[in-house]
Amino acid sequence: SLYDTFVIPFIGNVKLTSISKRVVLHFVETLRSKMDQNGVPYANATYKRAWCLFKKSIRFAVKMNWLEQDPTYLVSPKFPNAKRAKEKIAFTKEEAEKLLSVAKKESFPFYFMCLISVVNGLRFAEVSALTYGDLDFENDCIVVSKSFHRGVLNQNVKNGKSHNAPMVDLVRACAFEYAGIYGKNKKLTDLLFPSKAGTHRDISGVNNKLKKICKKAGLPEISFHTLRATCNTIYLQSNIQQPVIAKIMNHSGTNSAAMTLLYNRMGQKQKQSVMESVWSVAK
């Protein structure tokens, strides 16, 4: 175990009654120099876990009155994560259309959920709280006034500002067909996208299903929130003005323009395409 490999050998070579900051620093140096049986350094995450075990051991010794003080809080070694940071991406319009096409074949309700997130930029908390009464065909909009977050139904959205998300022809046709199939004998207060148990959907289950659909479509696996970023990015790269996008995304406050730019995500292929288009002139 990590404890036997890193902590026990070191503690066995020092006097518990005399551990100081200098001794702790010596442990960190020893920890960084540890190699496996093949002489290969361990992953940084392994060193980080070993350091946490060492701190717990010292604090336990203080608690048991074996040590007078805990010097570990004076040392903050940096052990970077072994995993590379995952790049935040957003799909292009073509990739989004491919995803929606596969989703429609898999599950019409799931397709409708993804569609209104891609087109209108709705958050999952807002989508999961939608009811049949929120489909306003008379005014061609979806009323977004509630959110379901962490098991609690809130009578407002994240920024506290309810809004009407316009239904473009694609969304309106889908909503009309959906209501005709699934809305029979339903009350206006019934959930639009209930789980199998008839309750609000759980984000983890939706993300797992979305990843399977992405894999089937030959696309990078994403979370449902990436669909909102995709919506923002598509509009921004279509040269739509930032204030207009902020209204579509329901960004509010003095930093709404900054939020719009924050949601602008470009994958490696998109960045390469833009750079190629600029530098092709120099050939």
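Helices (H or I, at least four residues) and strands (E, at least two) are DSSP runs, numbered from the N terminus.

**Figure 1. The whole chain, before we zoom in.** This is a predicted model, where local features need pLDDT of at least 70 and side-chain atom pairs count only at pLDDT 80 or more, while totals for chains, interfaces and linings use all residues. Residues are numbered from 1 along each chain as its sequence is written, and side-chain values use heavy atoms, leaving out hydrogens and water. You're looking at twelve helices and five strands. Of the 283 residues, 39% count as buried (under 20% relative accessible area; exposed is over 50%, partly exposed in between; 1.4 Å probe, protein chains only). Take the contacts between residues at least 6 apart in sequence: 64% of them join residues at least 24 apart (a contact is heavy atoms within 4.5 Å).

**Figure 2. The open sheet, E1-E2-E5.** Three strands line up in that order, with antiparallel pairing (two strands pair if DSSP finds at least two bridges between them). E1 and E5 sit at the edges with a single partner strand each, so one side of each has no neighbour in the sheet. Strand E2 covers residues 141-144, strand E5 covers residues 163-166, and four bridges hold the two together in the antiparallel sense. In E5, His 163 and Ala 165 are on the covered face, and Asn 164 and Pro 166 are on the uncovered one.

**Figure 3. The E1-E2 hairpin and its turn.** E1 and E2 run antiparallel, joined by two bridges. Asp 136 stands opposite Cys 141 in E2. The two strands make a hairpin with four residues between them. Asp 140 belongs to this loop, between strand E1 (135-136) and E2. What is the phi of this non-glycine residue, Asp 140? For Asp 140, phi is positive, near 50°. Asp 140 is partly exposed, at a relative accessible area of 30%.

**Figure 4. H4 against H5.** Helix H4 (residues 93-106) packs with H5 at an angle of about 160°, and their axes are 8 Å apart (axes are lines fitted to C-alpha atoms, for helices over the stretch in contact, and angles run from 0 to 180 degrees between N-to-C directions). That makes the pair roughly antiparallel (over 145 degrees; under 35 is roughly parallel, 65 to 115 roughly perpendicular and the rest oblique). From H4 come Ala 96, Leu 100, Ala 103 and Lys 104, meeting Phe 108, Phe 110, Tyr 111, Cys 114, Leu 115 and Val 118 of H5. Sorted by class, that's nine nonpolar, no polar and one charged residues (Ala, Val, Leu, Ile, Met, Phe, Trp, Tyr, Cys and Pro count as nonpolar, Asp, Glu, Lys and Arg as charged, and the others, Gly among them, as polar).

**Figure 5. H5 crossing H8.** Helix H5 (residues 108-120) shows up again here, with helix H8 (residues 203-217): their axes come within 12 Å and cross at roughly 95°. H5 and H8 are therefore roughly perpendicular. Phe 110, Met 113 and Cys 114 make the contact from H5, with Val 206, Lys 209, Leu 210 and Ile 213 on the H8 side. The class tally for H5 with H8 is six nonpolar, no polar and one charged residues.

**Figure 6. Ala 175, in helix H7.** Helix H7 spans residues 169-182, and Ala 175 is part of it. Is Ala 175 buried or exposed? At 0% relative accessibility, Ala 175 counts as buried. Setting aside neighbours within four places in sequence, Ala 175 touches Phe 112, Leu 135, Phe 137 and Met 167. Phe 137 is 38 residues away from Ala 175 in sequence, yet 8.8 Å away in space, C-alpha to C-alpha.

**Figure 7. Asn 239, in the H9-H10 loop.** Asn 239 is in the loop between helix H9 (225-237) and helix H10 (242-249). Phi of Asn 239 is near 65°, a positive value in a residue other than glycine. Asn 239 is exposed, with 69% relative accessible area.
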